[in-house]
Amino acid sequence: MGNEKTARLSINNWSEEDRPREKLAAMGAESLTNAELLAILIGSGNTEESAVDLMKKILNDCKNRLNVLGKMSIAELTAYKGIGEAKAITILAACELGKRRQSEEVAERKDLGSATAIYNFMRPKMEDLDVEEAWVILLNQKFKLIKAERLSRGGITETAVDVRMIVKTAILNNSTVVVLVHNHPSNSATPGRDDDRLTESLDKACDLMRLYFLDHVIVTDSTYYSYREEGRL
């Protein structure tokens, strides 16, 4: 058999557009399929299959579920042509890291289903500020924290908030629950007309996009105002 037929199909020998490493570098890890990500780890396939095709076959046998893949034994993985012990260990190590990361994320996700919880979470970020800041808090359907992001930083009495940006950020982060938070440097939690208008606009936008607008909370150093608690949402 010639060298061309016997050589392993290494990722380095693929056309540039088919290389998962280059794809990750250019487009980010989220753009790759599970098979492509795993192909990067094993590096090469066998004489008939590329690393991606080999991982597609293995994943297909696992019903395309990574948790099933992670439960496979080294012996089960090495039964596939092109998967030696080192590659099998690499695959299982990657699956274990994924499980540990998920466990850490669950532990870190705070329950922010009430105005008090939102205030306690945001107060350390906002107390003693001499200008207004607006933040969006993104939650899952169980009111667990996905992400908190500052939207804008303004003057002493106001800050600009783009409702479209809030909705876009929520959708991109797979959030179903939205909370708007901003501070009043004056230390008065009473909302103004601009606060009311912003709340109404965001409520309509969330309703249109099937997002749940949980609350708009105004934070001061000593207290808060909740549109939800006041029956205005």
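Strand E1 (residues 133-139) is mostly covered, with seven of its seven residues buried; buried here means under 20% relative accessible area, while exposed means over 50% and partly exposed lies in between (1.4 Å probe, protein chains only). The model is a predicted one, in which local features need pLDDT of at least 70 and side-chain atom pairs count only at pLDDT 80 or more, while totals for chains, interfaces and linings use all residues. Residues are numbered from 1 along each chain as its sequence is written, and side-chain values use heavy atoms, with hydrogens and water left out.

Which strands pair with E1? One is strand E2 (residues 145-153), which runs antiparallel to E1 over seven bridges; two strands count as paired if DSSP finds at least two bridges between them. Within this pairing, Glu-133 has Arg-153 of E2 as its bridge partner. E1 and E2 form a hairpin with five residues between them, and Phe-143 in the turn has a positive phi of about 65°. Strand E3 (residues 177-183) also pairs with E1 in the antiparallel sense, over six bridges. There, Ala-134 stands opposite His-182 of E3.

**The chain as a whole**

Stepping back, the chain has ten helices and five strands. These are DSSP runs, numbered from the N terminus, with helices (H or I) of at least four residues and strands (E) of at least two. Of the 233 residues, 39% count as buried. Among contacts between residues at least 6 apart in sequence, 58% join residues at least 24 apart, where contact means heavy atoms within 4.5 Å.

**Helices H2 and H3, and Glu-36**

Helix H2 (residues 20-27) packs with H3 at an angle of about 115°, and their axes are 9 Å apart. Those axes are lines fitted to C-alpha atoms, for helices over the stretch in contact, and the angles run from 0 to 180 degrees between N-to-C directions. From H2, the contact is made by Pro-20, Arg-21, Lys-23 and Leu-24, and from H3 by Glu-36, Leu-37 and Ile-40. These residues divide into four nonpolar, no polar and three charged; Ala, Val, Leu, Ile, Met, Phe, Trp, Tyr, Cys and Pro count as nonpolar, Asp, Glu, Lys and Arg as charged, and the others, Gly among them, as polar.

Glu-36 of helix H3 is worth a look of its own. At 15% relative accessibility, Glu-36 counts as buried. Apart from neighbours within four places in sequence, Glu-36 is in contact with Pro-20, Lys-23, Ser-31 and Val-52. Val-52 lies in helix H4 and is buried as well, at 11% relative accessibility. Val-52 and Thr-33 are 19 residues apart in sequence, and their C-alpha atoms are 9.4 Å apart in space.

**Salt bridges**

Side chains of opposite charge can pair when their charged atoms come close. How many salt bridges does the structure hold? There are 13, a salt bridge being a side-chain nitrogen of Lys or Arg within 4 Å of a carboxyl oxygen of Asp or Glu.

| Pair | N to O distance |
|---|---|
| Arg-19 and Glu-22 | 3.4 Å |
| Glu-48 and Lys-81 | 3.0 Å |
| Glu-49 and Lys-57 | 3.1 Å |

What does the pair of Glu-48 and Lys-81 tie together? Glu-48 lies in the loop between helix H3 (34-42) and helix H4 (51-61), and Lys-81 in the loop between helix H6 (74-78) and helix H7 (85-108), so the pair ties together parts that are 33 residues apart in sequence. Glu-48 is exposed, at 55% relative accessibility, and Lys-81 is partly exposed, at 48%.

For the other pairs in the table, Arg-19 is partly exposed with a relative accessible area of 21%, and Glu-22 is partly exposed at 32%. Glu-49 is buried, with a relative accessible area of 15%, whereas Lys-57 is partly exposed at 36%. Elsewhere, Glu-96, Lys-99 and Arg-100 are linked in a network of salt bridges.
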